[in-house]
Amino acid sequence: MTENIDDFFDRNAKWSHETPNPPVPPKSRKDLKAQKRRKSKRKRIIAFILTLIFAILFVLGYGLYRVAVYIKTNNQSTIMDDWPGPGNGFVEFTIEPGQGSVEVGNNLVKAQVVKSQSTFSNIVAANNKILYPGIYALKKYMNSIDVVNILSDQSKAGGFLDVKAGERSTDVIRKAAQISGIDIAQFNAIQKTDGAGILPPEAGGSFEGWLEPGVYNVKSMKSATKILAKMVDKRIQKLDSLGVPKGKLRQDILKIASIAEAEVNNREYYGKVSRVILNRLAKDMPLGMDTTVAYGIGIKAINLTQAQLDDASNPYNTRIRKGLPPTPISIPGDNAILASLNPEKGSWIYFVTTNLKTGETKFADNYDDFLKIRDEYKRSNENAN
């Protein structure tokens, strides 16, 4: 049976029942102008951002360029502001205590030793060098690094006396004579007059303890009197600044401080040793210090013999004689002086340095504990040997 064509199409044809979108009508002039304004604004924003980026890149690039030029110029300037060395002729050059690299550099330029103060100072700073006071043998037209190496080598410093805490006045005076070139007889003559016109009355005519630690340009001084007066004046100024009472008490403080300085090699114990001395004096006991005995003989305590320890004729033998020694036994430094002014509180009567390397010192307030500490020291020494 022939199929009806209408039925065929009804079965197989795919008809769309959706209504097609109507065509978009053309925009109005107003919309077109708004669209153009938006596009123009976007372009301007993009152009501004790009311009800003280029400007930043330009500034950075120019800055890096200027830095590179500065470094290059500075390096060239440094090279140009220096002599090639090694120099010629002879220049005796002096660095005074307290002078810094700038002042030293300016003086070197004036002496025609280096070409540029800034070059010299920069080398000192870059290499963390210390310039030591002294008189140095230099040349004219030297390379700055060579000069820095010389001025930072303390072994090359001459003409200056370095007075250190713990030294004896006899050793200081001997060195002063050697360095200054002044005959030791001039110094001895002054000591024979008990330092008349130089020492204060409380010093009792002895320079011991009355010379201030520091560095002195003794080669520039023309007499033994000027050298000794300079060191004593500095000492008096220091004692005044530390608040040390004047008169006999000042001398006693120097005696106690000098013993503390000599007995222990660690400032941690200066205050305790000072207290031991005061406690023994209060109990009317002999101080019993080997360092005072050794001072009276002119030797080191380590070299004492039993006969010397038993020698009652030595006025500094505090093992036998009660009270403080006739004079200080060394030049005490600030720490020892301050510790003697304000000793630690305690009832200690004895002390023993149990470790000679570290300076460790132990204290006791009775004889039995002292013996234990002393035996401990002896055992540690035996083990070490």
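Colleague: Among contacts between residues at least 6 apart in sequence, what share joins residues at least 24 apart?

Modeller: A word on the source: this is a predicted model, with residues numbered from 1 along each chain as its sequence is written. Local features need pLDDT of at least 70, side-chain atom pairs count only at pLDDT 80 or more, totals for chains, interfaces and linings use all residues, and side-chain values use heavy atoms, with hydrogens and water left out. Contact means heavy atoms within 4.5 Å. Among contacts between residues at least 6 apart in sequence, the share joining residues at least 24 apart is 63%.

Colleague: Thanks! How many helices and strands does the protein have?

Modeller: Helices (H or I, at least four residues) and strands (E, at least two) are DSSP runs, numbered from the N terminus. By that count, the protein has 14 helices and six strands.

Colleague: Which residues does Phe-207 touch?

Modeller: Phe-207 is one of the residues with the most contacts inside the core. Leaving aside residues up to four places away in sequence, Phe-207 touches Ser-169, Ile-190, Gln-191, Gly-195, Ile-198, Leu-199, Leu-228 and Val-232.

Colleague: What is the volume of the largest pocket?

Modeller: On a 1 Å grid over the protein atoms alone, a pocket is an open set of points where a 1.4 Å probe fits, with protein on both sides within 12 Å along at least five of seven lines; lining residues have an atom within 4 Å of a point. Grid points are joined across faces, edges and corners, and a volume is the space filled by probe spheres set on the points. For the largest pocket, that space is about 1,500 Å³.

Colleague: Which helix gives the most to the lining of the largest pocket?

Modeller: The lining has 42 residues, and Glu-263, Asp-290, Thr-291, Ala-301 and Ile-302 lie nearest the pocket centre. At least three lining residues come from each of domain 2 and domain 3. With five residues, the one that gives the most is α14.

Colleague: Where is the cis peptide bond?

Modeller: Most peptide bonds are trans. Pro-86 lies in the loop between α2 (29–80) and β1 (88–95). The cis bond, with omega about 0 degrees, joins Gly-85 and Pro-86.

Colleague: Is Asn-128 buried or exposed?

Modeller: Asn-128 sits in the loop between α4 (117–126) and β2 (134–140), and has a positive phi of about 50 degrees although it is not a glycine. Its relative accessible area is 69%, so Asn-128 is exposed.

How values were computed:
A nonpolar core is a set of buried Ala, Val, Leu, Ile, Met, Phe, Trp, Tyr and Cys residues joined through side-chain atoms within 4.5 Å. Buried means under 20% relative accessible area, exposed over 50%, partly exposed in between (1.4 Å probe, protein chains only). Domain bounds come from an automatic or database domain assignment.
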